[in-house]
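Let's take a walk through this structure, one part after another. Have a look at the sequence and the model first, and then read on.

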Amino acid sequence: MSRRKQLVIPVFIPFGGCANRCVFCDQESITGGKNPPEVRDAVETIEAYLSTWRGAGRKEIAFYGGSFTALDRGVQIKYLEAARGYVLDGRIDGVRISTRPDCISREIVEYLKEYKVDTVELGVQSMSDTVLRLSGRGHGSRDTVFATTLLESSGFKVGHQFMPGLPGDTVSLSLDTAMEIIRLAPAFVRIYPALVFKGTALHRMYLAGDYSPWTLEETVEVCGKILGLFIEARIPVIRMGLHASGGLEDNLVCGPYHPSFRSLVEERMLNGTSKTRSVRPVARG
Ligand code: SF4
């Protein structure tokens, strides 16, 4: 392991601040948790990571799994005060949060800065307003443009999370989304192809015949094109495909999941082929 490797300490706040459930979202499977932790539990997590970390790279606390800036303000401040303490005493180099594009305002930006947050990941998912509406996101592409521009001009590092294959999405709309994201020039991108998890609205849509996930084969193909666009634009894609963890595989119903999704995409880009022809997409009814 490289001594310069970064440490990102994840503090999961499943569905924290989320006023609605996006059709695809199953934070329990993805984060392995059910409720946002008490601040003292978050501090315990941070201490546990720091006590075993021997690397020399940058160290961050990351509040993931919900809409951080839509949490009750008092709760946000408690988390942020705890995190800022670590930055002020030099044990942590920065704080990152993930949130929705419609939960960013000038006022929010001001207190995020005050509490030493330096990276904001936005759940962009798509830049097609039709896809966003059919996916129950409750925000439009204009919110993403506003939030990204405001955060970037205020000195934050901005990351975009992009989810190809949502209801109403097409290859062409996903490529358009990639181009719109490139125009906004985030510091990095994560790509998570849409999957169907048990008990989500997307699962019900799938059972009713109103949604068909993309196949693994076509998703690898599209993501290869998308990755090519980001490489050309020199925007790092720091993650492709969900990490196999928590109850993910148990709760997955169907969709283009593969534990080595990125390798399949890169292999496709290099050779024009991949092993996807011999790998069946997950489909458990
Ligand atoms: S805003 Fe994010 S965490 Fe909340 S329901 Fe939607 S995808 Fe899930």
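Start with the ligand: its surroundings are F15, C18, R21, C22, C25, Q27, G66, S67, R100 and G123. A residue counts as near a molecule here if its C-beta atom, placed from the backbone, lies within 6 Å of it. By class, this shell has 4 nonpolar, 4 polar and 2 charged residues. In that scheme Ala, Val, Leu, Ile, Met, Phe, Trp, Tyr, Cys and Pro are nonpolar, Asp, Glu, Lys and Arg are charged, and the others, Gly among them, are polar.

A quick word on the model: it is predicted, so local features need pLDDT of at least 70 and side-chain atom pairs count only at pLDDT 80 or more, while totals for chains, interfaces and linings use all residues. Residues are numbered from 1 along each chain as its sequence is written.

**The sheet**

Which strands make up the open sheet, and in what order? There are 7 strands, ordered β1-β2-β3-β4-β5-β6-β8, and the pairing is parallel. At the edges sit β1 (7-12) and β8 (237-240), each pairing on one side only. On average, neighbouring strands of this sheet are turned by 20 degrees against each other, direction ignored. Strands (E, at least two residues) and helices (H or I, at least four) are DSSP runs, numbered from the N terminus. Two strands pair if DSSP finds at least two bridges between them.

Here are some of the pairs, all taken from that parallel sheet:

| Strand | Partner strand | Bridges |
|---|---|---|
| β2 (residues 59-64) | β3 (residues 94-99) | 4 bridges |
| β4 (residues 117-125) | β5 (residues 157-162) | 6 bridges |
| β5 | β6 (residues 188-191) | 4 bridges |

If you want to find these on the model, F63 stands opposite I97 in β3.

**The helices**

Two packed helices are described by the angle between their axes and the distance between the axes. The axes are lines fitted to C-alpha atoms, for helices over the stretch in contact, and angles run from 0 to 180 degrees between N-to-C directions.

Take α2 (residues 39-52) and α3 (residues 73-88): their axes come within 10 Å and cross at roughly 30 degrees. That makes α2 roughly parallel to α3; the label covers angles under 35 degrees, with over 145 being roughly antiparallel, 65 to 115 roughly perpendicular and the rest oblique. Where do they touch? V39, A42, V43 and I46 in α2 meet K78, Y79, A82 and Y86 in α3, where contact means C-beta atoms, placed from the backbone, within 7 Å. This contact of α2 with α3 has 7 nonpolar, no polar and 1 charged residues.

Next come α7 (residues 171-184) and α9 (residues 216-232), with axes that come within 10 Å and cross at roughly 20 degrees. So α7 is roughly parallel to α9. On the α7 side, the contact uses V171, S174, L175, A178, M179 and I182, and on the α9 side V222, K225, I226, L229 and F230.

V220, E221, C223, G224, L227 and G228 in α9 meet L264, V265, R268 and M269 in α11, a contact with 6 nonpolar, 2 polar and 2 charged residues.

Methods. Contact = placed C-beta atoms within 7 Å.
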